[in-house]
Amino acid sequence: MPALALLLFIIPVFGLGPGSALVALFLYSLLPIVRNTHAGITGIAPSLQEAAEAIGLPPRARLWRIELPLALPMILAGIKTAAVINVGAATLGALIGAGGYGQPILTGIRLDDTALILEGAIPAALFALGVQWGFERAERAVVPRGLKPR
């Protein structure tokens, strides 16, 4: 669903302002996180799940000790994707009165002022790159060495 459409569907329920934008961004981020979590857990080799069951691990222990650690790279990729997408989508929050970097972009578009557009677009782009970089560093710190892609 396009971010702008989601914002417009949220307005009748939550009204205009930052609250609506936050709810929309939260809902918008669920798909990549849930999709990657599902892919990570279902992508675990059946032999590993059978081995965990064979040694007598209860279902909750299998989830916390085997499945989630193995799925962690995929889960973090979904969170990283959602975070970077939300930085860009947050600029649309200015359309419903949430302000932020979208405000100078919209004002610049209305006034046909490229400098004003860039005043909002450049920090938003740099912030998205910073979020991407931050998540990559966090991923290196959190994911066990044996599960990191080579």
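Which helices each supply at least two residues of the lining of the largest pocket? In this predicted model, they are helix H2 (18-42), helix H4 (59-90) and helix H6 (114-142).

Let me stay with that pocket for a moment. The space in the largest pocket comes to about 190 Å³. Its lining counts 15 residues, and those nearest the centre are Leu25, Ala90, Thr91, Gly99 and Gly100. H2 provides the largest share, four residues. Sorted by class, the lining holds 10 nonpolar and five polar residues, and no charged ones.

Helix H1 (3-14), H2 and H4 each supply at least two residues of its lining. H2 again gives the most, with four residues. From the lining I will read out a few names: among them are Ala3, Leu6, Leu7, Tyr28 and Gly93. Leu25 and Ala90 line this cavity too, and both are listed among the residues nearest the centre of the largest pocket.

Is Glu139 buried or exposed? Its relative accessible area is 17%, and the cut-off for buried is under 20%, so Glu139 counts as buried. Leaving aside residues up to four places away in sequence, Glu139 touches Pro73, Leu76 and Lys80.

Notes:
Residues are numbered from 1 along each chain as its sequence is written. This is a predicted model: local features need pLDDT of at least 70, side-chain atom pairs count only at pLDDT 80 or more; totals for chains, interfaces and linings use all residues. Side-chain values use heavy atoms; hydrogens and water are left out. On a 1 Å grid over the protein atoms alone, a cavity is a set of points where a 1.4 Å probe fits but cannot get out, and a pocket is an open set with protein on both sides within 12 Å along at least five of seven lines; lining residues have an atom within 4 Å of a point. Grid points are joined across faces, edges and corners, and a volume is the space filled by probe spheres set on the points. Ala, Val, Leu, Ile, Met, Phe, Trp, Tyr, Cys and Pro count as nonpolar, Asp, Glu, Lys and Arg as charged, and the others, Gly among them, as polar. Buried means under 20% relative accessible area, exposed over 50%, partly exposed in between (1.4 Å probe, protein chains only). Contact means heavy atoms within 4.5 Å.
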